[in-house]
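Student: Good afternoon. I am new to this structure and would like to go through it with you, one topic at a time.

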Amino acid sequence: MSKTIISPYACEPEKGYDYRTALEEASRCLLCYDAPCSEGCPAGTDPAKFIRSLRFKNIYGAAETVRENNPFGGCCANVCPYDRQCEEACSRCGIDKPIRIGRIQKYLVEQEKEQNMCFVKPGEPNGKKIACIGSGPASLTCARELAEQGYDVTVFEAKEKPGGMLTYGILPSRLPQDIVDFDIEQVEKAGVKIVCGHRVEISELEEMKKEYDAVFVGVGLWNSKTVDIPGADLDGVEDALTFLCAARTDTANLKLGKKVVVIGGGDVAMDCASTAKQLGADTAIVYRRTIEEAPADFEEVSSVMSMGVPIITQFSPVEILGEGGKVVGFTAKGRDGESSLKMAVDQIVFAIGQSLEEDCAEIREEDNVYVGGDMAYGRGRTVVEAVSDGKKAAFKIMDALGKEG
């Protein structure tokens, strides 16, 4: 019944492009008139345009296209699911293999950083004030788009650093913090002010609606879901966001067991398992469906398996076992209703999804309040989709304020 999958192959990170290899890859482009790759990017990054510029050795113009169209071009270059979007749409798929759009974009952002290119600046002030609550990619994208058009934009972030899930919820080996910081620096160069350590309560939101011409709310999903089973309150049971946040920002105080099991089959579960394994724990994943049904990106699943992390599928946890108030194991039942599983572990990380914090669930789009990002959908979405949401919200705000003024 159970399926344990372990890859025998070691998976090493791909080497990034240099000038020669980036040009070689760009030269494979068919220069499509109505480029399907650009149509396949939710954020409108326009890969056809930046690949064309690179093909003719215009690195500056190529990097400019990325930055102007996508405030989080660096982050997206590292974590975007290209294989399901622009690269899947590439016309070369019918010939041999798609252009490696993600790797080209990563090279261009690296060049932007190394050569100190600057493509953004504040727009001419128009006298209107905007507040953005939350500093994830949707909120910061909205803020930059508005600031470039002359709006006075302030972003309020409850945590110590901006970036939302980019800073606190993604494995550093997938998304280095210096990449996140660089993208955010470009947002600030557009004139966006970011205030960290300021949690906006519902009562303050009401005052902001009066003080600002528009308020964008994109606070993300910071409540981790858990399973209501016996033993869920034992010491050693963690939620995914708490675990990843500690691993990324406070490793000195990170609680890490010797034997860790991660419950879930999404990208967050893969991140938790990779983190635990890299920090030295004997790690396994247990997922209630088949590996084919897992929502995690295939490359992330392959990477975790290559590290020697077993993925045990079609089992759901029934009870967490404890001694002296601490986790010592857990039991699970099979999807077929007959099989059972019992494992000895001293830490369990639930990575089965996130939801809105209770007070944020009351917020609705109305009057001069706009909502976007994960909170608008009630589920985690990709960075590139968040960028798309932020751009759409900015256009709605500009359209509304333009009509009013």
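Student: To start with, is K396 buried, partly exposed or exposed?

Tutor: K396 counts as partly exposed, at 41% relative accessibility. Please bear in mind that this is a predicted model.

Student: Which residue forms a salt bridge with K396?

Tutor: The partner of K396 is E365, and the closest N and O atoms are 2.6 Å apart. The pair links distant parts of the chain: E365 is in the loop between β15 and β16, whereas K396 is in helix α16 (residues 383-404), 31 residues apart. E365 is partly exposed, with a relative accessible area of 40%.

Student: What about E366, which residue does its side chain meet in a salt bridge?

Tutor: E366 meets K209, with 3.2 Å from N to O. K209 lies in helix α11 (residues 202-211) and E366 in the loop between β15 (354-355) and β16 (369-371), so the pair ties together parts that are 157 residues apart in sequence.

Student: And are those two buried or exposed?

Tutor: K209 counts as buried, at 16% relative accessibility. E366 counts as partly exposed, at 38%.

Student: How many salt bridges does the count come to?

Tutor: The count comes to 22 salt bridges. One of them joins K161 and D181, whose closest N and O atoms are 4.0 Å apart. K161 is in the loop between β3 (152-157) and α9 (165-168), and D181 is in helix α10 (residues 177-189), so to speak of distant parts of the chain, they are 20 residues apart.

Student: How accessible are K161 and D181?

Tutor: K161 is partly exposed, with a relative accessible area of 33%. D181 also counts as partly exposed, at 26% relative accessibility.

Student: Then which buried residue has no salt bridge?

Tutor: E238 is such a residue: it is buried, yet it has no salt bridge. The nearest side chain of opposite charge is that of K255, 5.3 Å away.

Student: Where is E238, and what is it in contact with?

Tutor: E238 is in strand β7 (residues 237-239). Leaving aside its neighbours within four places in sequence, E238 is in contact with K255, Q347, I348, V349 and F350.

Student: Let us change topic to helix α8. How many of its residues are buried?

Tutor: Helix α8 (residues 137-147) is mostly covered, with 11 of its 11 residues buried. Among them are P137, L140, C142, R144 and E145.

Student: What does E145 touch?

Tutor: Not counting residues up to four places away in sequence, E145 touches E68, P71, K391, A394 and F395. The side chain of E145 also makes a polar contact with the side chain of R144, at 3.0 Å. E145 counts as buried, at 10% relative accessibility.

Student: Which sheets should I look at? What is the order of the 5 strands in the parallel one?

Tutor: The 5 strands form an open sheet in the order β4-β3-β2-β5-β16. β4 (193-196) and β16 stand at the edges, each with a single partner strand, so one side of each is left without a neighbour in the sheet. The twist averages 20° from one strand to the next. Helix α8 packs on this sheet, where it touches β2, β3, β4 and β5, and its direction makes about 165° with that of β3.

Student: How many bridges pair β2 with β5?

Tutor: Strand β2 (residues 129-133) and strand β5 (residues 214-217) pair in the parallel sense over 4 bridges. The bridge partner of C132 in β5 is F216.

Student: And what is the order of the open sheet of 3 strands?

Tutor: Its order is β11-β12-β13, with antiparallel pairing. β11 (315-323) and β13 (340-343) stand at the edges, so one side of each is left without a neighbour in the sheet. β11 pairs with strand β12 (residues 326-334) over 8 bridges, and G322 stands opposite V327 in β12.

Notes
Residues numbered from 1 in each chain as written. Predicted model: local features only at pLDDT ≥ 70, side-chain atom pairs only at ≥ 80, totals over all residues. Heavy atoms only, no water. Pairing = 2+ DSSP bridges. Helix = DSSP H or I, 4+ residues; strand = E, 2+ residues; numbered from the N terminus. Buried < 20%, exposed > 50% of the residue type's maximum accessible area, 1.4 Å probe, protein only. Lys, Arg positive; Asp, Glu negative; His and termini not counted. Contact = heavy atoms within 4.5 Å. Polar contact = N/O pair within 3.5 Å; in protein donor to acceptor, adjacent residues only side chain to side chain. Axes fitted to C-alpha atoms, helices over the stretch in contact; angles between N-to-C directions.
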